[in-house]
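Opening the notebook on a new model today.

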Amino acid sequence: MIIGLTGQNAAGKGTIADYLAKKSFYYYSLSDVIREEAKALGVEINRDNLIKIGNELRENSGNHVLAERIIQKIEKSKHYVIDSIRNTAEVNLLKANGCILLNVEALPEKRFERIRQRNRENDPKTFEEFMALEDKENSNNKSGQQINLCQNLADHTIINNSTVEELYGNVGNLLIKISVRQERPSWDSYFMSIAKQVASRSNCMKRKVAAVVVKEKRIISTGYNGTPRGIKNCDEGGCKRCNSFAESGTKLDECLCSHAEENAIVQAAYHGISIKDAVLYLTFSPCLTCAKSIINSGIKEVIYNEKYPMADIVFKLFEEANIILRNFDLE
C-alpha cells in the first residue's frame with residue numbers, strides 16, 4: 001500500500017506520517033529529494049530556497065521528477081507513506097504506481113496556531129503573513145507548487161481540527177476502509193520464479209536450466225545443469241563439448257554436464273526423499289533422456305517455461321505414461 005499526503009501547511013500531514021510509520025509504513029518525502037539537491041548545490045536549506053530548487057527541478061527535469069526519484073526506491077513488499085506532494089504531475093505519476101492520495105485539511109486559524117506553537121525561525125509571525133505564504137503555494141504554474149489542485153485530486157480527505165487522538169482514530173478507520181487484498185503470484189508463477197533463480201547457479205556454458213520438485217506445494221528438491229560434484233565447473237573448462245559451443249543436439253555423448261532434472265531427481269534420492277506424485281517445474285522442457293528418468297521417478301506432472309528444440313518425442317512419451325505436461329510462460 002502506498003499512501004500519499006497532500007494539504008496546506010500545518011494541516012497535520014507530518015503527524016499522520018509519524019502515525020503510519022508506527023504502523024510499519026516506510027516514510028518518504030518529496031521534500032527530501034529537494035533537500036538532497038540543495039546539499040549538492042551547497043545552498044542553505046530554508047523554505048524559500050527549497051521552493052525555488054523544487055520549481056527549478058520540475059522545470060529542468062519534468063514536473064514529475066520528485067515523485068519519479070521516490071518511486072525508484074519503492075519495493076513491492078513494503079507499505080509506504082509519501083509526504084510533501086505539491087504538484088499535479090507528481091500526483092498523476094504516484095497514482096499510476098498505485099498511490100492512494102490523502103488530503104489533510106484544517107481551519108486556517110488552527111493551522112496558524114500550530115505554526116506558532118512549533119515556533120520555527122523562518123515561520124510566518126502573523127496570520128496575514130501565514131495566509132500570504134499559503135496563496136504563494138497555491139499557484140497554477142505548471143512547474144510550481146499547486147497544493148490546491150493536488151487537493152482536488154485526492155481520493156480521501158481527513159479533517160484535522162481536533163485532537164491528535166481523534167486524528168489517529170480517523171486515519172486508522174480509513175486504513176481499514178482502503179485496505180485491499182494484496183495481489184499474490186499463482187503457485188505456478190511462484191515456483192517457476194524460484195526455478196529461474198535456481199538457474200542462475202548453473203555453471204554450464206551452453207544454457208542455464210533449472211528444475212524444482214514440488215510436493216503438496218512444498219519444495220523438496222532443486223537442481224541446475226552443470227558438471228558433476230567434484231568435477232571442474234563447465235564455465236572453468238570442465239566440459240569441452242559445452243566450451244566449444246557445439247551445435248545443439250550434437251556430440252551429446254561427449255557432454256559432461258548433468259541436466260537440471262537429473263540433478264533434482266538425484267539430489268532427492270541422495271537425501272532419501274520420495275518424489276512419487278510430485279510436480280516438476282522446469283525452465284526448459286525435458287530432453288528424451290531426462291523424460292525417461294522423470295517417468296521412472298514417479299513424478300505426476302511436469303510444467304515447463306520454454307520448449308526444448310528436440311521435445312516432440314518427449315510430449316508423446318509423457319502422454320503414453322499419463323504424465324501431465326503443460327507450458328507455463330513466466331513473463
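**Confidence first**

I looked up pLDDT (the predictor's confidence in each residue, from 0 to 100): the chain has a mean of 90, and 98% of its residues reach 70 or more. This is a predicted model, where local features need pLDDT of at least 70, side-chain atom pairs count only at pLDDT 80 or more, and totals for chains, interfaces and linings use all residues. Residues are numbered from 1 along each chain as its sequence is written, and side-chain values use heavy atoms, with hydrogens and water left out.

**Helix pairs**

I describe two packed helices by the angle between their axes and the distance between the axes. The axes are lines fitted to C-alpha atoms, for helices over the stretch in contact, and angles run from 0 to 180 degrees between N-to-C directions.

I started with α2 (residues 30–41) and α3 (residues 47–61), which pack at an angle of about 100° with their axes 9 Å apart. That makes α2 roughly perpendicular to α3; angles under 35 degrees count as roughly parallel, over 145 as roughly antiparallel, 65 to 115 as roughly perpendicular and the rest as oblique. From α2, the contact uses Ile34, Arg35, Glu37, Ala38 and Leu41, and from α3 it uses Leu50, Ile53, Gly54 and Leu57. Contact here means heavy atoms within 4.5 Å. By class I get six nonpolar, one polar and two charged residues. The classes: Ala, Val, Leu, Ile, Met, Phe, Trp, Tyr, Cys and Pro are nonpolar, Asp, Glu, Lys and Arg are charged, and the others, Gly among them, are polar.

Next pair: α6 (residues 108–118) and α7 (residues 127–137) have axes that come within 10 Å and cross at roughly 110°. That makes α6 roughly perpendicular to α7. Pro108, Glu109, Arg111, Phe112 and Ile115 of α6 meet Phe127, Phe130, Met131 and Glu134 of α7. The class tally for this contact is six nonpolar, no polar and three charged residues.

**Buried faces**

Which residues of α13 (residues 288–297) are buried? Cys290, Ala291, Ile294 and Ser297 are, with buried meaning under 20% relative accessible area, exposed over 50%, and partly exposed in between (1.4 Å probe, protein chains only). Looking down the axis of α13, I find its buried residues within an arc of 125°, so they line one face of the helix. That arc is taken over the directions from the helix axis to the C-beta atoms. Thr289 and Asn296 are exposed on the face turned away from the buried side. The cover over the buried residues of α13 includes α12 (260–270), β8 (279–284), β9 (301–306) and α14 (312–320).

Then α12 itself: Ala260, Glu261, Asn263, Ala264, Ile265 and Ala268 are buried there. These buried residues pack against β6, β7 (218–224), β8 and α13.

I picked Leu280 in strand β8, which counts as buried at 1% relative accessibility. Not counting residues up to four places away in sequence, Leu280 touches Ala211, Val212, Val213, Glu261, Ile294, Ile299, Glu301, Val302 and Ile303.

I also picked Thr222 in strand β7. Thr222 is partly exposed, with a relative accessible area of 35%. Its contacts, leaving aside neighbours within four places in sequence, are Val198, Ala211, Val212, Asn263, Ala264 and Gln267.

**Positive phi**

Just after α13, Gly298 has a positive phi of about 95°, and Gly272, following α12, has a positive phi near 70°.

Ser24 is not a glycine, yet its phi is positive, near 75°. I find Ser24 in the loop between α1 (13–22) and β2 (25–29), exposed at a relative accessible area of 53%.

Asn322, also not a glycine, has a positive phi of about 60°. Asn322 sits in the loop between α14 and β10 (324–327) and is exposed, at 68% relative accessible area.

Key: Helix = DSSP H or I, 4+ residues; strand = E, 2+ residues; numbered from the N terminus.
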